[in-house]
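Reader: I have a new model on screen and want to learn to read it. Can we go through it feature by feature?

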Amino acid sequence: MSVKIHRKIEMVDLVSQYEKIKTEIDSAVQEVILSSRFINGPAVKEFQSDLEKYLSVKHVIPCANGTDALQIAMMALGLSQGDEVITANFTFAATVETIAFLGLVPVLVEVDADTFNIDVKEIEKAITPKTKAIIPVHLFGQCADMEEIHSLAKKYKLYVIEDTAQAIGADYIFSDGIRKKAGTIGNIGTTSFFPSKNLGAYGDAGALFTNDDELAKKCRMIVNHGQSTQYYYEVLGVNSRLDSIQAAILKVKLKYLDKYAAARNKSAAYYDKAFSREAKIKIPVRTKNSSHVFHQYTLTLSGVDRNKLKEHLASKEIPAMIYYPVPLHSQPAYRNQMNEGKKYPVTEKLCTSVISLPMHTELDEETLKHITDSVLEFVNK
Ligand SMILES: Cc1ncc(COP(=O)(O)O)c(C=O)c1O
């Protein structure tokens with residue numbers, strides 16, 4: 001008799017996912033070990049080339065993580081001290097941290113309450129003669145309004161760096177129906193392959209994408225100490241290479257990325273159906289100009305004690321997370337004169353009312369039912 005083993009519910013279940021591709025992953029890892037080509041081995045080039053094909057982009061530059069990718073993008077674009085960079089106030093800290101780390105000025109812009117993405121109507125107000133770039137973040141798996149951002153960038157001669165850490169594989173759909181992959185529309189795109197990301201490595205990893213040959217050449221030098229050829233340093237660089245073992249794992253997982261996105265969408269549809277008629281719960285809004293890859297499934301609550309809901313879910317062994325609890329403009333590390341005194345009512349409201357439920361590739365109906373029943377039980381009590 002077979003006994004069904006009930007696994008603990010996780011925000012992201014990487015073990016169950018691994019079990020299904022174990023043979024392929026294990027042999028890919030073993031191949032790298034047996035070759036001893038741990039740094040810049042053939043697996044890195046192979047993954048790079050597979051990802052270029054998948055994204056239909058000329059250049060993928062693998063690197064060590066998504067934070068480095070942002071930093072390298074700004075270095076390659078030649079941004080310099082005091083330049084202003086516009087980005088969303090509601091994002092993971094890395095987007096803003098890298099701007100500030102390079103001595104640039106992060107200018108934080110309000111987000112849209114429906115999509116959680118940068119509010120394009122607010123971008124123009126934040127542009128000054130010192131503005132050099134915009135970093136839209138495709139938050140939670142859905143693209144920011146790239147068409148509008150592109151036309152603003154053109155008007156004011158600004159660079160666009162797409163932070164695609166949470167949206168790899170999502171399609172941006174232009175008004176003429178043309179689709180392009182997130183991260184391949186601006187001057188340069190960056191991503192993270194952090195293990196819990198939609199395309200996750202088994203450690204830290206990241207990449208940059210661009211169709212610009214010169215920019216790609218510069219990024220390739222920067223990731224490897226600024227070298228053009230070994231021991232010839234053309235530009236200031238860093239050590240941010242992608243490990244061959246991680247590349248070999250990512251090469252296997254890339255084959256499943258669309259299938260993984262479909263599984264995430266199936267779970268999102270289940271959640272939507274369960275919550276869509278509940279007045280106190282706002283389900284994630286889909287925009288017409290993007291597909292959604294549901295890196296997170298995030299509800300916006302009204303009239304619900306979020307902390308008590310979290311406790312209630314925890315009592316039923318259901319994890320939930322708050323992405324993000326504090327707006328970046330009020331974090332001591334990122335306060336500056338550009339954001340001082342500005343009001344961000346939408347971001348502030350989101351920070352007190354959002355909650356993300358388990359979202360991954362391995363959720364089954366029984367688990368989804370348990371999660372949705374438990375949320376509704378609390379909300380309706
Ligand atoms: C929006 C965003 N940008 C950047 C990063 C940084 O990526 P990494 O953790 O690989 O450095 C993350 C990762 O969590 C992210 O969510």
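Reader: How many helices and strands does the chain have?

Author: The chain has 12 helices and 14 strands. Helices (H or I, at least four residues) and strands (E, at least two) are DSSP runs, numbered from the N terminus. This is a predicted model: local features need pLDDT of at least 70, side-chain atom pairs count only at pLDDT 80 or more, and totals for chains, interfaces and linings use all residues. Residues are numbered from 1 along each chain as its sequence is written, and side-chain values use heavy atoms, with hydrogens and water left out.

Reader: What does the radius of gyration say about the chain?

Author: The radius is taken over C-alpha atoms, and the globule rule is 2.2 Å times the number of residues to the power 0.38. For 381 residues, a compact globule would come out near 21 Å; the chain has 21 Å, so the two agree. Along its principal axes, the C-alpha trace spans about 65 × 60 × 40 Å.

Reader: What percentage of the residues is buried?

Author: Buried means under 20% relative accessible area, exposed over 50%, and partly exposed in between (1.4 Å probe, protein chains only). Here 55% of the 381 residues are buried.

Reader: Which share of the contacts links residues 24 or more positions apart?

Author: Contact means heavy atoms within 4.5 Å. Take the contacts with a separation of 6 or more: residues 24 or more positions apart account for 73% of them.

Reader: Show me a buried residue in a strand.

Author: Take I161, in strand 5 (residues 159-163). Its relative accessible area is 0%, so I161 counts as buried. M74 is 87 residues away along the chain, yet the C-alpha atoms of I161 and M74 are separated by 8.2 Å.

Reader: And where does L368 lie?

Author: L368 lies in helix 12 (residues 365-379). Its relative accessibility is 4%, so L368 counts as buried. Not counting residues up to four places away in sequence, L368 touches S267, Y270, Y271 and L363. Y270 and L368 are 98 residues apart in sequence and 7.3 Å apart in space, C-alpha to C-alpha.

Reader: Next, sheets. What is the order of the open sheet of 3 strands?

Author: Two strands pair if DSSP finds at least two bridges between them. The order here is 12-13-14, with antiparallel pairing. Strand 12 (281-282) and strand 14 (354-357) are the edge strands, each pairing on one side only. Strand 13 (residues 297-301) is joined to strand 14 by 4 bridges. L299 stands opposite I355 in strand 14.

Reader: Now the backbone. Which residues other than glycine have a positive phi?

Author: Two cases to inspect are S36 and H225. S36 is not a glycine, yet its phi is about 60°. S36 lies in the loop between helix 1 (14-35) and helix 2 (42-55). H225 has a phi near 65°. The loop that holds H225 runs between helix 7 (213-223) and strand 10 (227-229). At 35% relative accessibility, H225 counts as partly exposed.

Reader: Where is the peptide bond from Y323 to Y324 in this picture, cis or trans?

Author: That bond is cis, with omega near 5°. Y324 is found in the loop between helix 10 (306-315) and helix 11 (345-353).
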